[in-house]
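Reader: I have a model open and would like to go through it with you. Can we start with the overall make-up and then look at particular residues?

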Amino acid sequence: MRRLFNMLLVTATLTLSGCGYNQFQSLDEETKANWSEVLNQYQRRADLVPNLVSTVKGYASHEEKVLTEVTEARAKVGSMQVTPELLNDPEAFAKFQAAQGQLTSALSRLMVVSENYPNLKADASFRDLQAQLEGTENRVTVARNRYIESVKQYNVAVRSFPNNLTAMMFGYQPKPSFTVENEKAISSAPKVDFGDSK
């Protein structure tokens with residue numbers, strides 16, 4: 001009887017080790033860590049915004065609309081509740097992504113406005129803030145790419161046989177990844193028009 005019990009124990013251990021449960025734990029933790037880095041870089045960007053707005057405001061006080069848009073977009077991003085559960089809620093994830101997109105767009109308009117003010121472009125603190133913002137945007141891109149890759153690995157594990165049986169048993173669902181808001185717009189080639197060459 002004891003021998004039969006030991007054989008069942010060995011069989012159960014071998015079966016459970018191949019079910020993917022530990023792989024899900026590892027991939028889930030990697031996804032969470034990569035998501036934390038994305039949030040860290042978004043926070044860095046949000047922290048730079050007030051200084052950038054203040055610097056531009058001194059030179060371009062009549063560009064109030066753009067400055068207001070940047071401030072409102074930052075406030076919207078800052079007011080969002082970002083919890084680990086956000087990764088498992090596609091609707092909340094989409095709202096978060098949209099808010100970050102609005103901030104990116106507002107910052108782009110702010111940089112365009114700065115082109116109209118040579119004194120602002122020559123200001124050392126503005127140049128420093130602009131360089132920091134550019135570096136942060138690059139870090140955001142790298143962090144998002146790492147997150148996308150970890151979500152891909154996790155989702156492949158959730159959907160692959162026999163791991164998908166374990167996923168169903170423990171309630172693991174595919175996680176949302178970053179998407180592009182205007183996919184149709186960017187999939188068509190841009191039109192270049194240099195005007196009439198007469």
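Reader: How many helices and strands are there in the protein chain?

Author: The protein chain has eight helices and zero strands. Helices (H or I, at least four residues) and strands (E, at least two) are DSSP runs, numbered from the N terminus. From that end the elements run α-α-α-α-α-α-α-α. This is a predicted model, in which local features need pLDDT of at least 70 and side-chain atom pairs count only at pLDDT 80 or more, while totals for chains, interfaces and linings use all residues. Residues are numbered from 1 along each chain as its sequence is written, and side-chain values use heavy atoms, with hydrogens and water left out.

Reader: What share of the residues is buried?

Author: Of the 198 residues in the protein chain, 32% are buried. Buried means under 20% relative accessible area, exposed over 50%, and partly exposed in between (1.4 Å probe, protein chains only).

Reader: And the contacts, how many join residues at least 24 apart?

Author: Among contacts between residues at least 6 apart in sequence, 77% join residues at least 24 apart. Contact here means heavy atoms within 4.5 Å.

Reader: Aromatics next. How many aromatic pairs are there?

Author: The count comes to eight aromatic pairs. Rings of Phe, Tyr and Trp (its six-membered ring) pair if their centres lie within 6.5 Å; planes under 30 degrees apart count as stacked, over 60 as edge-to-face and the rest as tilted. W35 and F93 form a tilted pair, 5.5 Å centre to centre with 45° between the planes. W35 lies in helix α2 and F93 in helix α4 (residues 90–114), so this pair ties together parts that are 58 residues apart in sequence.

Reader: Are W35 and F93 buried or exposed?

Author: W35 is buried at 3% relative accessible area, and F93 is buried at 2%. W35 also pairs with F96: the ring centres are 5.4 Å apart and the planes stand at 65°, so that pair is edge-to-face. F96 is in helix α4 and W35 in helix α2, so the pair ties together parts 61 residues apart in sequence. Both W35 and F96 are buried.

Reader: Which residues do the ring pairs link into a cluster?

Author: The cluster consists of W35, Y42, F93, F96 and Y147.

Reader: Change of topic. How many salt bridges does a search of the whole structure find?

Author: The search finds six salt bridges. A salt bridge is a side-chain nitrogen of Lys or Arg within 4 Å of a carboxyl oxygen of Asp or Glu. One of them joins E137 and R45, at 3.1 Å from N to O. E137 lies in helix α6 and R45 in helix α2, so the pair ties together parts that are 92 residues apart in sequence.

Reader: How accessible are E137 and R45?

Author: E137 is partly exposed, with a relative accessible area of 23%. R45 has 0% relative accessibility and counts as buried.

Reader: Last item, α7. Which of its residues are buried?

Author: In helix α7 (residues 163–170) the buried residues are N163, T166 and A167. Seen down the axis of α7, they fall within an arc of 100°, so they line one face of the helix. The arc is that of the directions from the helix axis to the C-beta atoms. M168 and M169 are exposed on the other side of α7, M169 with a relative accessible area of 63%. Just after α7, G171 takes a positive phi of about 80°.
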